[in-house]
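Dear colleague,

I am passing on to you the structure that I have been going through, together with a short account of what was found. Please look through the sequence and the coordinates first, and then read the notes below beside them.

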Amino acid sequence: MTLLITGGTVIGPTGASPADVLVDGEKIVAIHAPGTGPSDTETLDATGKYVIPGGIDAHTHMELPFGGTFASDTFDTGTKAAAFGGTTTIIDFAVQRTGEVVQDGLAAWHAKADGNCHVDYAFHMILGGVDDDSLKAMDQLVNDEGISSFKLFMAYPGVFYSDDGQILRAMQKARDNGAVIMMHAENGIAIDVLIQQALARGETDPIHHGLTRPEALEAEATHRAIMLAEVAQDCPLYIVHLSASRALAEVAAARDAGRNVFAETCPQYLYLTLEDQLGAPGFEGAKWVCSTPLRSKHESHQRDLWQGLRSNDLAIVSTDHCPFCFKDQKELGVGDFSKIPNGIGGVEHRVDLLYQGVVDGKLSLERWVETIATTPARMFGLYPRKGVIQPGSDADIVVYDPNGRTRISVETHHMNMDHSAYEGYEIAGKVDTVLSRGEVIVREGAYHGSKGRGQYLPRGLSSYLV
Ligand SMILES: [Zn+2]
Ligand SMILES: [Zn+2]
């Protein structure tokens, strides 16, 4: 079946131009000057709308076990919600728990996702225990399993934490096999001391989650990760969920020095704050407990993060989608903020929330597309199959209506959450139609896809590897 998307403006990282896009089967097969495409096809009228590559969310945690419970979205509910929001690929984190065989952790993630996804998906691998076996496993995952990025934690001692020696060994391995090391950069040893001290003082409310994870301990860990990567012959390093100005300054300095260092931020750090959300009265703030934490509105974080997106010191916006319901899940931390499951759900809203940045004059249209789709594809070895509208690429396409409006609410979202982190937010734009591999799966708010149609995407090496 062929489909011609007519009348729209195609947006890519290099610019915007009026064009008609011809889709045949699962692929984009041609880009035509407006009105010059074949006439014997089905058409989709995109007049007055943007035609962009489907969003790629490079950081999600469906069904992640955390703090005695599980992230509330399954691969079924989470990828369907992603589709509604214009995201047609997710890269989730398979987990090797400490003491577990890496390949067993990966197999468990395939079992969760297989047959359940509405859009295409890939995996990063979390290494919860760096030792000889898991280092060997890194080679096998890169060579045979299509997994070319590994996440390590400088936080969560006793759970996912790796010490500096383990981090260095994993980085050296990545330097050898071409993988990217993704880093949760917070000094978890120091943070745990601050948490114990706060609890001993009787400071148990959600806001203390943020206050015990100060900016300095994110900046310090970011700096240390960058230095360790330098020692590992400039192993490619990608800082996840960067939230703070001084951590960004570390990344910017490394990049200015020509280092192979990249970073992402997330919508929550661009829009939400320590005072307004995490500091909400009573236990309400638990909805916004995530790590790294929301930062103070009295400092320059949000301004600096938007600037970092413009300057490419922040390459990507991902969600770190890790939803927990308020009832029974977030409530595990009543009376002790350290027991609140860490995470915010947002996989459905990233494309819209970043488009609002375009409307607000903080981001260009081209940068919008680049940070939500093209760079994630290039960074994580999915390009040019994904992340771009050009002949030969998968027909993952979003028709986006700049004249539409989106109101975010628990009443209308599709994520399996009993609240929204962005309740009441109004976006001056709207996802109109979503194609995944040529199939219209969302049109004017109605769902036409199906569970199980999403495919596993084995990934190659990063395009940014030098
Ligand atoms: Zn993390
Ligand atoms: Zn995460």
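Along the chain, the donors of the zinc ion (ligand 1) follow the spacing K-x32-H-x56-H, where donors are N, O and S atoms within 2.8 Å of the metal (3.2 Å for Na, K and Ca), and since water is not among the atoms, sites may look incomplete. This is a predicted model, in which local features need pLDDT of at least 70 and side-chain atom pairs count only at pLDDT 80 or more, while totals for chains, interfaces and linings use all residues. Residues are numbered from 1 along each chain as its sequence is written, chains are lettered from A and ligands numbered from 1 in the order in which they are written, and side-chain values use heavy atoms, with hydrogens and water left out.

The protein donors of ligand 1 are Lys151 (NZ), His184 (ND1) and His241 (NE2), which lie 2.2 to 2.3 Å from the zinc ion. Of these, His184 is in strand β14 (residues 180-184) and His241 is in the loop between β15 (237-239) and α8 (245-256), so that the pair links parts of the chain 57 residues apart; helices (H or I, at least four residues) and strands (E, at least two) are DSSP runs, numbered from the N terminus. Both His184 and His241 are buried, meaning under 20% relative accessible area, with exposed being over 50% and partly exposed in between (1.4 Å probe, protein chains only).

The zinc ion (ligand 2) is coordinated by His59 (NE2), His61 (NE2) and Asp320 (OD), at 2.0 to 2.2 Å, and these donor residues are spaced H-x1-H-x258-D in sequence. Because His61 lies in the loop between β8 (55-60) and β9 (65-66) and Asp320 in the loop between β17 (316-317) and α12, the pair ties together parts that are 259 residues apart in sequence. His61 and Asp320 are buried as well, and the two zinc ions, ligand 1 and ligand 2, are 3.8 Å apart.

**The sheet and its helices**

An open sheet of seven strands, with mixed pairing, has the order β3-β2-β7-β18-β21-β22-β23, two strands being counted as paired if DSSP finds at least two bridges between them. The edge strands, each pairing on one side only, are β3 (15-18) and β23 (446-447). Strand β2 (residues 9-12) pairs with β3 in the antiparallel sense over four bridges, and Thr9 has Pro18 in β3 as its bridge partner.

Helix α13 (residues 365-379) packs on the sheet, where it touches β2, β3, β7 and β18, a contact being heavy atoms within 4.5 Å. The direction of α13 makes about 35° with that of β7, with axes taken as lines fitted to C-alpha atoms, for helices over the stretch in contact, and angles running from 0 to 180 degrees between N-to-C directions. Helix α12 (residues 350-359) lies across β7 (50-53), β18 (397-401) and β21 (430-436), running at about 50° to β18.

**The nonpolar cores**

A nonpolar core is a set of buried Ala, Val, Leu, Ile, Met, Phe, Trp, Tyr and Cys residues joined through side-chain atoms within 4.5 Å. The largest has 122 residues, and those with the most contacts inside it include Met183 and Trp368. Helix α13 gives the largest share of this core, seven residues. A second, separate core has 15 residues, among them Val21 and Ile389.

With best wishes
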